[in-house]
Amino acid sequence: MSKTLHLLFSTPIGVSDLDVSTAYSSICNEEYAPNSDNVLVSKDKFILNKYKTLREAILKEVHNYARSSMACDQEMRITQSWAIKSNSSLQFHQHPNSVISGAFYVNADSASSEIRFLKPYVSGQIKWETNSDLYKNQDWLWDYVSFKPHTGKLILFPSYLNHGIVSNNMDSNRCVLSFNTWFVNPMGSVDKLTFLN
Amino acid sequence: MTSIHPLFSTPLYQSAISIDNEELYNRICRENFVDTNKNVKSKRTVNQNILLEDSYQDIYTEIKSCLQHFVHSGLKLSCSLKCVCSWAVLGETGSITHNHLHTNAVFSGIYYVRSAKDNGDLIFSVPQTHNTFCNSVVELEPTEYNIFNSKSWKFVPESGQIYIFPSHMYHGVSENKSSETRCCIAFNFFIDGMFSSDPTSQLHV
């Protein structure tokens with residue numbers, strides 16, 4: 001008798017590598033200012049307007065992600081984009097007023113802290129002792145999943161997904177560009193009473 | 001008449017207990033304490049069933065009375081509850097308790113033995129992913145926050161106050177900015193006996 005474990009209702013995370021033969025390191029030299037959490041954020045919150053080749057490359061990946069994970073063929077646009085340069089932790093947060101968000105690593109090395117995504121629903125109200133050997137292979141149980149960055153890595157995720165960085169305070173070279181997206185054209189359907197222009 | 005109904009809200013019980021808190025504080029200080037794993041400059045009692053000790057029967061009786069009032073009179077539940085965990089916390093100057101919830105419990109609470117302004121606010125919150133007056137995709141910015149449009153809510157606890165809430169409710173304590181140590185007793189209750197009369201959802205513990 002065959003048995004199947006169906007991993008229902010998963011959350012798609014897109015990971016790809018962009019061609020970084022074009023140097024984007026000048027993003028690291030933009031003007032930065034500390035935010036309320038003392039994280040250095042670029043003063044320019046529409047930074048991709050200045051890096052058109054990178055913006056087009058990101059939009060291509062966003063489109064692929066929207067097609068393959070959201071069954072969405074609509075054109076997307078980048079609304080806001082900003083860079084973060086920090087060796088400190090980044091509090092867990094979401095990106096409201098956006099559909100797909102992303103992190104592009106302008107600069108990261110082996111010491112750079114991982115980006116951590118939290119499980120998007122509350123669980124763990126009943127806790128039992130887990131077998132560590134079984135647990136490590138059952139990622140649907142995990143409360144969070146981390147991705148290790150490297151220069152040129154692009155991570156796309158649903159904007160509602162909570163994420164942050166738990167820093168090891170060693171990654172002084174980390175520079176990551178974040179962005180939000182929205183639809184270019186009106187969304188929804190007139191017939192289904194979901195039309196929004 | 002026009003009304004705004006706060007439907008499907010999360011109930012939080014707040015009351016006060018009349019007891020000699022200075023004497024209770026001195027009693028607690030004689031306990032053995034360890035540093036808490038996650039929280040800065042906070043210590044908790046080694047004993048994690050402090051309320052079940054004979055020497056704390058007075059405050060335990062008062063806490064159970066508050067819990068009964070909340071659960072039976074307020075929430076109209078008939079279930080029996082048992083205290084499964086209870087511990088005292090000392091929050092020194094600079095202490096912070098990060099946002100958390102209590103697992104393996106149904107109702108949790110905090111009794112403030114010693115607390116005043118600037119000793120650390122008690123902050124309840126719902127995850128950003130929790131849909132309230134607006135969904136979690138669209139963020140609308142209120143011009144003024146109130147009970148209908150807030151995703152976090154703070155209390156400034158005073159000595160003698162008790163708060164009881166569903167254990168799944170996220171809460172934390174902001175930094176103790178005073179020179180005084182905050183002292184409280186935290187506790188978890190679970191169902192004792194039978195859950196539910198519905199034959200498809202019964203559980204006996």
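How much area is buried between chain A and chain B, and what percentage of it do carbon and sulfur atoms give? In this predicted model, the area buried between the two chains is about 1,100 Å², and carbon and sulfur atoms give 53% of that area.

**Interface of chain A and chain B**

- The contact involves 11 residues of chain A and 13 residues of chain B.
- On the side of chain A, the residues that lose the most area to chain B are A:Gln94, A:Asn97 and A:Gln125; together they account for 40% of what that side buries.
- By residue class, the side of chain A that touches chain B divides into five nonpolar residues, five polar residues and one charged residue.

**Helix α1 of chain B**

- Helix α1 of chain B spans residues 21–29, and its buried residues are B:Asn21, B:Leu24, B:Tyr25, B:Arg27 and B:Ile28.
- These residues lie on the same side of α1(B), because they cover an arc of only 160° around the axis.
- An α-helix has 3.6 residues a turn, so residues three or four places apart point the same way.
- The cover over the buried residues of α1(B) includes the chain B strands β2 (33–35), β4 (80–100), β5 (107–114) and β10 (182–192), together with helix α2 (57–74) of chain B.
- The N-terminal end of α1(B) is capped by B:Asp20, which has a side-chain oxygen 3.3 Å from the backbone nitrogen of B:Glu22.

**A:Arg55 in chain A**

- A:Arg55 belongs to helix α1 of chain A, which comprises residues 52–70.
- With a relative accessible area of 22%, A:Arg55 is partly exposed.
- Leaving aside residues up to four places away in sequence, A:Arg55 touches A:Leu48, A:Asn49 and A:Ile78.
- A:Ile78 is 23 residues from A:Arg55 along the chain, and 8.0 Å separates their C-alpha atoms.

**B:Thr45 in chain B**

- B:Thr45 is located in strand β3 of chain B, residues 40–45.
- The relative accessible area of B:Thr45 is 0%, so this residue is buried.
- A polar atom of the B:Thr45 side chain lies 2.8 Å from the backbone oxygen of B:Asn47.
- Beyond residues up to four places away in sequence, B:Thr45 touches B:Glu31, B:Asn32, B:Phe33, B:Ile50, B:Trp87 and B:Ala88.

Terms used: Residues are numbered from 1 along each chain as its sequence is written. Chains are lettered from A and ligands numbered from 1 in the order in which they are written. This is a predicted model: local features need pLDDT of at least 70, side-chain atom pairs count only at pLDDT 80 or more; totals for chains, interfaces and linings use all residues. Side-chain values use heavy atoms; hydrogens and water are left out. Buried means under 20% relative accessible area, exposed over 50%, partly exposed in between (1.4 Å probe, protein chains only). Helices (H or I, at least four residues) and strands (E, at least two) are DSSP runs, numbered from the N terminus. The arc is that of the directions from the helix axis to the C-beta atoms. Contact means heavy atoms within 4.5 Å. A polar contact is a pair of N or O atoms within 3.5 Å; within protein, one must be able to donate a hydrogen and the other to accept it, and residues adjacent in sequence count only if both atoms are side-chain atoms. Buried area is the accessible area (1.4 Å probe) that two parts lose on being put together, summed over both. Ala, Val, Leu, Ile, Met, Phe, Trp, Tyr, Cys and Pro count as nonpolar, Asp, Glu, Lys and Arg as charged, and the others, Gly among them, as polar.
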